[in-house]
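Please examine the sequence and the three-dimensional structure shown below. The paragraphs that follow lead through selected parts of the chain in turn.

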Amino acid sequence: MFFFGRTIPSAESALAASRAYATHPHLAGSSEDFQDAKIILKLFQDEFGITSPESPPIFPAGSHQSRHATLKLTSLLRSRKPSAWVDIYYPVLNTPLDRSLEIIGNDGRATWSADLVEDGDPLDEEAHKYKDAVPTWHGLSKGGTAEGQLVYANYGAQEDYASLVEAGADLTGKIVIVRYGGIFRGLKIKGAEELGAAGVLIYSDPRDDGYVTVENGYAPYPAGPARNPTSVQRGSVQYLSLYPGDPTTPGYPAYENSTRTEGSNIPGIPSLPISWQNAERLLEEIDNPHQERDILKSLSGKPSSATIKLVNNVDNKVTPIWNAMASIPGHIRNEVVVIGCHRDAWVMGAADPTSGTVSLHEIIRGFGALLKNGWKPLRTVVIASWDAEEYGLVGSTEWGEDFSKWISDHVVSYINVDVSVAGSRWGAGGSPSLAHLIKRTALDVAHPTIAGKTLWDARDDEGPFTGTDEEIFNTREVDETYLNMYLADKKERHASQTGIPALGSGSDYTVFLQRLGVASTDQGFGFTPTDAVYHYHSVYDSQRWQETYADPGFQRHAAVAQHLGLMALRLIDSIVIPLNTTQYALELSEYLAKVESLTPDLHLAAKPDFSSLHDAIHRVQTASFDLDKEKVEAEEEFEKALKKLRASLPGHKCTRRRNPWTRLTAWIKETFRASPHDTSSHDVDVEAGDWLEYYKDISTAELHHPHHPHGHIPRWIPSIRRFIKAAKRVSAANKQLINFERGFISEDGIKDREWYKHLGVAPGKWLGYGATTFPALTESLSIEKNTTLADYEAGRLAELLVKLADGMSSK
């Protein structure tokens, strides 16, 4: 079992941190957001023993100081001490000016006007105080006015719009109303826009709240656990599956003086988020939004008789945002583990993202305690508090685009946390190469609320409001569509061989995984149908709600921190990086089987040819089996060489400055948890591998040194040579493990959304959140229904995999 210390992480500390961070708004680009960035910077400085400079280390992105802060971490003359700084990026964001929503009568006058505010019930003190702090609007939405009849389109998914078209509906000039859920909100608008709609309204429907509803006898929040009918889900409506980040600088960082484009991943029609209370009134204007057809209920496409007027005026402007960053230098300068969580919220964000920030806070405290006890990581650690994630993963994306080559060259893995706690069920997603590490670590962490169980067992936990799935769905009122989606998701989770699904998008791992090919993971406790309703992106995502319903004792926050911390340490300090390429390689066969299962239903004139892709996958699997053997043998040889080296250590009395041997010995001792040496007299460190290279030359020179008679070789010289050879072998194996995920990166990217370059996994083109494996190939069939294109994509993917296999096989 892992502990940073007796009191770290702790539920008490997590609770105190949450009360500090989640009791005020911190919208990206706001003064409160900047203040929080400085608070995180101070936390880094205090916990990692960093002296605060006279001038705050807050640097415009692209400046020498900003570039140096990251690039120096892997340079030969890097600092040996932890560092912390803030990078300022300059994306185009927007804020609301004025909004309105009305039903217009025959005389052109409004017969009803929506209030477009949340009630801010005084029972929730902070919600009441800040109910008007952040208006209800969509980030990056189109400014303007739309008037038209109202048409209901369910979730606004592609199948919903197809159903409307089949029913004969014409959406031209209409206002489309859809409910949240199923897919990313921006894609609901994109689908309507492509069919000629004038505007879109998106509301939170109690049908998607599972069992805990007013209809089933529960009081609305804050009096009870059901949905507050005035709650509104704010959120970005960027077309996330095209590209994330600043819309005006696609593929390159948003510096203050960057050349900007119009932005092709944002809507061209206005939209508004609205409450269930307002949606319920508007839906009364539509006569029979559903129709019975072939025994099944489908969308009717009938428009309202009344006209709806939507006004959404916004202020688009270049807005500074602040990524708070820290680094702990490791012995190996060219291998870096990055841990991140975003800091900004739509209002207070007790769950999203403050619960994640709280878990990160505990990890920072834990690493600080380890540093105070003499720990120095084997690999370098970077910790990030990202900004403007809510607008479209902006802070992390801009940093990723800014330092893309550095990340590709050095980053071993990216560990993300966003919402640590929003419900009772723990889950994690990630690259298949990380799946075994995620599970093994979860088995080593105690269940936060049930004695004798582990965190891994919490994958099947339910909320506190009633019994099992079967009891709920057989005896209570639950929406059929929601039920089917929930059960399908549960079935998919249990069908997974590892229990760790692939990552789509929706959080800050996106640029690392799907553009740069860095193995990534994300986790947290999520909402179940028997949990108190999670008021996502509402003023009611509050500290009171978190303490009352989501995590009353804050043990879940601490459990996530413990899992993240232990997993990070295993990536940071393991001799051989714990990435399982064989699990990944085997899952490629499952990806292809899923693609092949599509073809019978598409009625294609000719079937695509996947033979070369099958062969390529087999080659990757064979190469990975060989790598498994090599990494085991490499680690065993390293340990033997180390043991031999320890036994032959010379008793030199030279000073450290004159004799690098002392530095090498100290590195070995630190690596294997011996007492740390005194580092106070030196400001720079050199990678252990560089010292090993230096000693290769030294040992060769020693053979011909005049102090050593012909044939007499000091007994420690062969031991050094053996150790160097073993260390190089481990380093080569680690390089192949790191490069495995990079092997899926195609510079040409995915058709129509070239920002995404990972041909193994990407957010689905019409999903946004959800993952599509073999995305270019899958969508050539599922969306394009084009055999020629499918053959091309299969060939392109096969070439990539053959190259990956050949690279793994080369020594």
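**Loops, sheet and helices**

Ala-388 lies in the loop that connects E16 with H9; helices (H or I, at least four residues) and strands (E, at least two) are DSSP runs, numbered from the N terminus. This is a predicted model, in which local features need pLDDT of at least 70 and side-chain atom pairs count only at pLDDT 80 or more, while totals for chains, interfaces and linings use all residues. Residues are numbered from 1 along each chain as its sequence is written, and side-chain values use heavy atoms, with hydrogens and water left out.

The phi angle of Ala-388 is near 55 degrees, a positive value in a residue other than glycine. Most residues other than glycine have a negative phi. Ala-388 counts as buried because its relative accessibility is 0%; buried means under 20% relative accessible area, exposed over 50%, and partly exposed in between (1.4 Å probe, protein chains only). Asn-154 also has a positive phi, near 55 degrees, and is placed in the loop between strand E6 (144–152) and helix H5 (158–166). With 11% relative accessibility, Asn-154 is likewise buried.

E1 runs parallel to strand E2 (residues 83–89), with three bridges between them, and Phe-59 is opposite Asp-87 in E2.

Helix H2 (residues 31–48) and helix H8 (residues 354–372) have axes 8 Å apart and an angle of about 25 degrees between them; axes are lines fitted to C-alpha atoms, for helices over the stretch in contact, and angles run from 0 to 180 degrees between N-to-C directions. H2 and H8 are therefore roughly parallel (angles under 35 degrees count as roughly parallel, over 145 as roughly antiparallel, 65 to 115 as roughly perpendicular and the rest as oblique). Among the H2 residues that meet H8 are Ile-40, Leu-43 and Phe-44, and the H8 residues include His-361, Ile-364 and Arg-365; contact means heavy atoms within 4.5 Å.

The loop between strand E15 (332–342) and H8 holds Pro-353, which is joined to Asp-352 by a cis peptide bond with omega about 5 degrees. A cis bond also joins Tyr-221 and Pro-222, with omega about 10 degrees. Pro-222 is in the loop between strand E8 (199–203) and strand E9 (235–236).

Apart from neighbours within four places in sequence, Gln-621 is in contact with Ala-585, Leu-586 and Ser-589. Its side chain makes a polar contact of 2.9 Å with that of Ser-589 (a pair of N or O atoms within 3.5 Å; within protein, one must be able to donate a hydrogen and the other to accept it, and residues adjacent in sequence count only if both atoms are side-chain atoms).

Conventions:
Pairing = 2+ DSSP bridges.
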